[in-house]
Amino acid sequence: MTLEVILKMKTLILLLILGYFIADVKGQIGVTGCTVATQANCPNFLPNSYCNLGSMLCECPAGYTATLPNVACEYNCGNLTDPDNGLVTTPAGTHTGDVATYTCFITFEVVGTATRTCQQDTGWDGAAPTCEPAELGDACSTNIFQCNNIANAGCVAFSTCQCNAGYEDDGTGLACTDIDECTPNQCQNSGTCVDGINAYTCTCLPGYNGDNCENDIDECTPNQCQNGATCVDGINAYTCTCVAGYEGINCQTNINECIGNVCQNGATCVDGINQYTCTCVAGYDGNFCQNNINECASHACQNGATCVDGINTYTCICVAGYDGNFCDKNIDDCATSPCQNGGTCQDAVNDYTCVCVAGYTDKNCQTNINECESHACNNGATCVDRVNAYECVCAAGWEGTFCTSNINECESHACNNGATCVDRLNAYECVCAAGWEGTFCTSNINECESNQCQNGAICVDGIDDYTCDCVNGYNGIFCQNNINECLGHACENGATCVDGINQYTCTCVAGYTGEFCATIKIEDVAVCTRDTDNRGTIWENTPVGLVVNNSCGEDFIGHITRACSSDGIWQLPVYNCIRDSVQNIRNVVDALSNTSEPENFNTVLADIVSATVQRENATEKLTNGEMKLLTTSLKTIATVLPPQLVINESILDSFFESVGNIIDNNNSDTWRSEQESTSAVQLVSAVDQIAETLSENLQPGEKRNIRNANIALQAQTLAESKIVYPDENMDIEWLNTISSKIELQPQAFNDVTDQVIATAVVYRNLSGILPNTYSKNAGKGSSEKNRINGAILAMTIPSEYSARQLNPPISITFEHFDKTLSSPICVYWQKESESQGIWSDDGCELISTSNDVTVCECEHLTNFAVLMSPIKQTEESAWDLRIISMVCLSLSTLCLVATIVLHFTFWKRLRSQRTTVMIHLCVCLIVAYLVFLIGINKTEHQKLCTAIAVFLHYIFLVVFGIMFLQGLQIVIAVQYVFKTRLNLKILLVMAWSLPAFIVGISIALSKLKGYGNKKLCWLTSDNWLIWSFVGPAIAVISFNAICLCLVIRAIFRTRAMQTKPVGKRVKTSIWALCVLLPLLGITWIVEVFYIDGNSEFLQYIFAILNGLQGFFIFLFHCALNRQVKKAMGEQRIKKVSKKFTQDVVV
C-alpha cells in the first residue's frame, strides 16, 4: 500500500469524525440563510464564509471550498500536475496547510524539493521538482529501487547506488561492466578458467581437482585392483600390476591356461591358477590323455568281424552281409525299400538288386529311362519323355504320333477344275492345272476353237489341251492316221490283208475261205444274215467276227459300225454320227466362259433341250456320237457356269431338263450300244458339280426343287430336323411310288456355326447306264456278277465340308428293282477321272436288307447305289438259319457238358491221352458256343463287339488246333502201333498258344479293322482278315482228311476186316466215320465250299453238321461208347455189391 493512499484514508477518517461532532452544529454552508442583519453570523458560525446577499445563504468566497460536512470554508490550492516519470500526492487534501509529496518511479530520483505546502491565499509554495535517472554514487536511502536503471548496479547499504560485486563503472556512470576475474589466469595444470560474476571457475583436465586444479587425483584410492595386484596411480587413470595367473584392467580375470592346451583325444581341460589339468574321456589316459586304452583286448566280435579299438569302446567291423553290434545279424539290404518307382528289391549279401518295372533303370530304379534319346519325332517336334514311352509334341503345322503329317489346310480348299492345292503353314495356294487360271482356277481356256481334228473326230476340250475323239479306225493326235489293222493280222494260208476303217479284210488265195482264210472253201459259210436295225440302216450278210462300217447318211458326219459276233448274231450298231445342229451346240459351248452373259447360257441350254427332246421316229433319236458330244457339253457348262448363274431358275431348269431327256428310256438302245459308259460318268459328274455349286451359293433358308420325268433335285438348309428326300406328297408320280430315299441328320454338322445347304438328287433311269464295276472285283473279270439294283441317289454339300466324316452317318434306303437278287453291297461312286470311276464300299455299311429294300449308312457324301448278287437269299431263309444255329448250338453245349461230367465221373477207367485231348476239345467248344450264342449279335456296342470277334477268332482257332492234335493222335495210333506216346503237354500248350500268336499278328496288321461290323461280331469277309481263320482251318481240315483216309485204309487192310462180309465192312466204315468226323472237324469243309455264296443249301448243311458237333461227340463217345457203357456197368455192379454186403452184415 503506497503512502499516498494511506494519507487519503487518514483524511477521510478525520472528516467523518469531524462531521460527527459538528452534526449538531446549527447551520451549513449553502444551507444556512442570512440577512443583512445577520450576515455577521456567517463567519462566526461557519468560519471563512460570508453572506451572499443575493442568495441570502452563507457561502464560501472565491478560492475557498466548504469542508465536510459543510460547516466551514477552507482555502484550496488546487490539484498539482504529476512530474514526468513520477507522481504527486496530496493525502490530506489541497487546502491550506496540506502538503503535496512528489515521488519518482522506481528507477528515477527526485531532483528538487520533494514536498510542497498549500499556503493560505498564496497557493503551493516552492517549485515543482523533476524525476531524473539515477547515477552511480547517488543516494538511494529513500528509494532503494532507483539504482535499478543502472545495469549491474544496486543500492548498497540503502544509501548509495554502486556497481554490484564483480562489476565496475563503464565510464558513463549509468552502467556497470563485468570485471574479468580470469585475468590473470589462476587455474593450474592446464585447467580452463571460466569467468563468472565476481568470481572464476577452473575446469580441470581429467585427473585433477581443487579450486585452481592444483591437486592430482589419486585414482588408486580406493584401490580397484583385485587378486593381490599392485595399483600404480596415473593421470586420470591407474594401472594394476597383476600377479601371475591373472589379467584384465583390474586383474579380475583368471587367465585360462586351457586355451592352446595340449590335452588330446577329446579330454577336458580344467583351468587352475597359472596352470591347467587334463581330465580324460573314458578310454584314454596319460598327462595329456594321449594314450588310447585298447578295449579290443577282450572283444566279442563274431563271424570273422575285425575289432577296431575306439574310445572307451570297440567296434566290430563286419564282413559283407552282416551287421549288429557283434556282427551276429545278416543285413537285410531291402529293409529300407531302396527300390523306387515300383521296383522289386531282391536281397543279397551286403548288396541288393532292384528289378525295375519297364521304363526305369539304375541301381535303385530311380532313373526314368529317357526314351527320347532314340525317339522318332520328326519335323522339329519336341520329344517329351514318359514312363517306358515318349510323346512327340509337334511343331506348328505338323501332327501325327511322330509329327510326320503336315496339317493339310487343303482339305477344305476352294480350288477348282483339277487345280493343285499346295499346303502352306496355316494357309494354302491354288496352283492351277494347265489351261485354267484365276485365284481358284475357275476360267477354262477353250483349246477347241482352233482344233485340227480330222476324219470326223470330235474335239473334246480339256485342260490346257484338247483331245480328238477319233471314230473307230483312226488314231493319232488329230485322228489323221488310219489305223493299219493289218499289223499283227490273223490272215492265214497266204491270204493278203487289206486294211480298212477299223477293220481289215483277208483276201484269200484260191481254195480257202473264212474270215482269216483258215477254212478250206466250201459253199456254206457262217454269217450274220441281212438285217435292218431300228433306225432303218440295212446290214448285208457279213461273215462272223467282222465289224462293218456304214455311212451315216445325209445331214450327219461320222460313220456307223456294227459287229457280227462269232456266234452269228448282230451286235447293236454304234452310230458315231453327229447332226450339224448338235455340232453347232458344241461349238457354242466351247465359246462359253465364266464371263459369258446369262442369255448365252440360256440359249445354248434351250438348244440342248430341243436336241434331246423325246422323238418317236427312231431316225431322229440321239446317236451315240451325239450322246457323247451333248454330255461333254453339259459337263463343260457345269464347269464354266458362274456361281451366281447356278441359282438362276431358267438356267437350272433347262440344265436338268436336258439331263432328264438324255437318260430317258427313249434313249435306252443308244445307251445299251455304248461300248464304254464314259458319257454317263461325265453326265453324273456335271450334275454333281452343279449340285455342289448350288449348295455353296443358295441363301440360308432358301429352298430349290427341280423335278422332271427322270431326275429330281432338292436343295435346302440343313435345319434342326433331318433332311429326307424324296419325302411324301411329291408332285411327280414316279417319286411317290418309289421307296428309295436318302436321310441326312443335322447332328452331323453340330460343330459347324454356319448354316449348311444340302442338295439331294434322285436318278430314275441311271442304274442301267452307269457301269457296275465293283472296286474289289475290278480287274478280276467278275464285274458282271454284281448289278445295280436300285435307284442312284446322291447328296452334295459345300466343298469345304465334303471331306468330313459324318457322325451320325447318312442313311440311304434302296428299293430293289429285281427281287431275285441277294447279297447287297452298299457302295458309292468313286470318281477316278472326269469320265471314269468305280463303285467302292469304303465308309459304307449295310444296316439291314429284306426282299424289297436295303438300308445303308455311309460316312461321306456322293452318289450311292446298292450292288446285289444274282444269288437270292430271302429274309425268311436267313431267319431259319439263325433258329437252326441257335437250337443246334444250345443242344451241343448241353451234350458237351454231359460228356465232360461223365468222363470226370469215370476218369480212372476212361483216362487216356486221347480222352484228355477230347476233354480239351469239349471245353473249347463249350466256351466258343456260349460266346457265340451270347455275343455274336452284340453289334450295338462297337468295342464289345470287336472284343467278342477277337475272342471268337482265337477260340475257334484253338478248336482247330485241338482237332489237329486229335488227327495226329489217331494216325500215329493206327500207323505206328508200337510207337511211344506223344508228349501231350507240349502239344496242348502249342494248341492253345499258336492261335494267340496268329490272332496277335492279325490284330497288329489290321489294327482291329475287320473285327465285327453292324451285322455280326465276327470277321468280315470283305478283306484279307477272314483268311487268318480260313487259312489255318483249311490246313487242319486237309490234314485231318488225310488222317481219316489213312485210318479207313488201315481198317480195311486188317485181316479181321478182310474176312467180314461186304455189308459188315460198310457198316464198320460208317461207324468209324461217325466216331471220327466230330473229333476231326472235317464237316467244316462245307463252309469252305460256301465261301463264294453260290449255294443256299450248303448253308443249311453247314449249320446242322457243325452246330451238332457237340451232340455227335456225346452220341458216339458217350452214349454209344463201349468203354463208357462198361464203366457205368461196373459202377452199378459196385453199388449193388456194396448194398448187398451191407444187407448181409445187417
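## A tilted aromatic pair

In this predicted model, phenylalanine 964 counts as partly exposed because its relative accessibility is 34%, and phenylalanine 1039 likewise counts as partly exposed, at 25% relative accessibility. A pair of aromatic rings is described by the distance of the centres and the angle of the planes.

Tyrosine 64 and tyrosine 75, one such pair among the 11 aromatic pairs that the structure holds, are arranged edge-to-face, with 5.5 Å from centre to centre and 75° between the planes. This pair links distant parts of the chain, since tyrosine 64 belongs to strand β3 (residues 64-66) and tyrosine 75 to strand β4 (residues 73-75), 11 residues apart. Both tyrosine 64 and tyrosine 75 are buried. The rings of phenylalanine 964 and phenylalanine 1039, by contrast, have their centres 4.6 Å apart and their planes at 40°, and the pair is therefore tilted. Here the link runs between helix α14 (residues 942-975), which holds phenylalanine 964, and helix α16 (residues 1027-1053), which holds phenylalanine 1039, and the two residues are 75 residues apart.

Aromatic residues also gather in a group, for Phe956, Phe960, Trp1018 and Phe1029 form one aromatic cluster.

## Salt bridges

Side chains of opposite charge can pair when their charged atoms come close. The count for this structure comes to 13 salt bridges, and one of them joins the side chains of aspartate 351 and lysine 363, at 2.7 Å from N to O. Because aspartate 351 lies in strand β32 (residues 351-355) and lysine 363 in the loop between β33 (360-361) and β34 (367-368), the pair ties together parts that are 12 residues apart in sequence. Aspartate 351 is partly exposed, with a relative accessible area of 33%, and lysine 363 is partly exposed as well, with 41%.

Another salt bridge is formed by glutamate 743 with lysine 722, whose closest N and O atoms are 3.3 Å apart. Glutamate 743 is in strand β61 (residues 741-744), while lysine 722 is in the loop between β59 (711-717) and β60 (723-725), so this pair ties together parts that are 21 residues apart in sequence.

## A patch of negative charge

On the surface, Glu168, Asp169, Asp170, Asp178, Asp180 and Asp195 gather in a patch of negative charge. Aspartate 180 lies in the loop between β14 (176-178) and β15 (192-195), and counts as partly exposed because its relative accessibility is 41%.

Conventions:
Residues are numbered from 1 along each chain as its sequence is written. This is a predicted model: local features need pLDDT of at least 70, side-chain atom pairs count only at pLDDT 80 or more; totals for chains, interfaces and linings use all residues. Side-chain values use heavy atoms; hydrogens and water are left out. Patches are made of residues with over 30% relative accessible area and no salt bridge: like charges are joined within 9 Å, nonpolar side chains (Val, Leu, Ile, Met, Phe, Trp, Tyr) within 5 Å. Accessible areas come from the Shrake-Rupley method with a 1.4 Å probe; for residues, only the protein chains shown count as cover. A salt bridge is a side-chain nitrogen of Lys or Arg within 4 Å of a carboxyl oxygen of Asp or Glu. Lys and Arg count as positive and Asp and Glu as negative; His and the chain ends are not counted. The place of a charge is taken as NZ of Lys, CZ of Arg, CG of Asp or CD of Glu. Helices (H or I, at least four residues) and strands (E, at least two) are DSSP runs, numbered from the N terminus. Buried means under 20% relative accessible area, exposed over 50%, partly exposed in between (1.4 Å probe, protein chains only). Rings of Phe, Tyr and Trp (its six-membered ring) pair if their centres lie within 6.5 Å; planes under 30 degrees apart count as stacked, over 60 as edge-to-face and the rest as tilted.
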